[in-house]
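Let's take a walk through this structure together, one residue at a time. Have a look at the picture first, then follow along.

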Amino acid sequence: MSEPQESDSSLLVVVLDVNSSAWARSPLSLDKAVQQMVIFINAYLALNSENRLVVIGASHKECRYLFPSDPSSTPPTHDIQVYEQFRVVDVKVISGVQSMIASEIDGAEEQQSLISRALSMALCHIHRVSESSISKIWSRILVLSAGQDSPHSYIPLMNSIFAAQKMSVLIDICKVYGPDSVFLQQAAEITGGNYLKVDTNSEASLLQTLMFTCLPDQYTRGILNAPGNELIDFRATCFCHKRVIDIGYVCSVCLSIFCQTAPVCSTCDTKFSFRLTKSDSSQSSDKHSPGSSAMSSLTIK
């Protein structure tokens with residue numbers, strides 16, 4: 001694996017959580033968050049003329065490419081006072097977020113955003129760009145999240161995390177509101193990215209966090225002292241009830257995790273062979289009282 005160089009170009013994929021129900025509880029509004037994200041995107045594009053950008057919006061209903069968007073869409077009006085590339089990105093991202101918010105007004109309030117699907121789209125785009133590019137492109141993903149973890153998305157999310165690790169793609173997380181995300185913490189730790197909890201008491205805190213922590217590329221991060229993640233919750237989620245557990249049972253064939261024993265694995269349909277064995281205390285009691293009933297413990301072969 002080659003080491004990143006200062007002259008290498010970068011590909012940044014920004015995943016925006018645009019779930020209006022999640023942002024409604026946040027002190028920082030979605031409009032201000034998008035405005036600060038657009039400023040960060042302009043700074044990223046200004047670092048290197050060969051830097052590439054993709055912005056994906058994720059709501060509870062759909063995931064959509066905000067930039068680059070549909071080529072058939074109406075181009076923004078020309079403004080000589082704004083750099084052309086900045087203007088195009090700003091208009092498409094802001095208008096795309098507004099369109100997604102308008103389309104989810106009638107959605108359920110308690111549903112979580114499709115972050116796992118957005119990460120899959122991001123990794124597919126990164127793979128496509130890497131295969132078609134002649135020179136090396138260092139890719140990374142930035143996730144702006146305001147919602148909570150969805151236990152039902154644990155499996156696809158972990159698959160995306162391990163795929164990003166294999167592709168040497170960093171995943172940075174900016175958590176704006178709510179408790180820490182167990183799944184996104186693991187995503188940042190496993191891929192070598194940063195997990196940051198934004199202080200929403202200050203309106204400019206998001207932009208400050210993005211500029212000082214998420215803007216440096218892979219080469220620059222090698223000479224900077226980035227904030228570390230000291231307390232990471234690596235607990236897994238069971239496949240049967242979608243609950244975060246401390247101790248569980250693992251299928252020896254597909255490595256699925258369960259919170260309780262079952263005769264058949266619900267993932268790969270493997271049938272387990274059970275055997276009743278007597279404990280040491282029950283065996284010793286059988287010697288003294290042959291007529292007494294022995295206690296048995298269940299083990300899996």
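Asn-19 touches Ala-58, His-60, Glu-104, Gln-111, Gln-112 and Ser-113, leaving aside residues up to four places away in sequence; touching, or contact, means heavy atoms within 4.5 Å. This is a predicted model, so local features need pLDDT of at least 70 and side-chain atom pairs count only at pLDDT 80 or more, while totals for chains, interfaces and linings use all residues. Residues are numbered from 1 along each chain as its sequence is written, and side-chain values use heavy atoms, with hydrogens and water left out.

You'll find Asn-19 in the loop between strand S1 (9-17) and helix H1 (20-23). Helices (H or I, at least four residues) and strands (E, at least two) are DSSP runs, numbered from the N terminus. With a relative accessible area of 1%, Asn-19 is buried, a word that stands for under 20%, with exposed over 50% and partly exposed in between (1.4 Å probe, protein chains only).

Now hop over to Ser-113, in the loop between helix H3 (84-103) and helix H4 (115-132). Ser-113 counts as buried because its relative accessibility is 14%. Its side chain has a polar contact of 3.5 Å with that of Asn-19 and one of 2.4 Å with that of Asp-17. A polar contact is a pair of N or O atoms within 3.5 Å; within protein, one must be able to donate a hydrogen and the other to accept it, and residues adjacent in sequence count only if both atoms are side-chain atoms.

What about Ile-223? Ile-223 sits in the loop between helix H8 (218-221) and strand S7 (236-237), and is exposed, with a relative accessible area of 64%.
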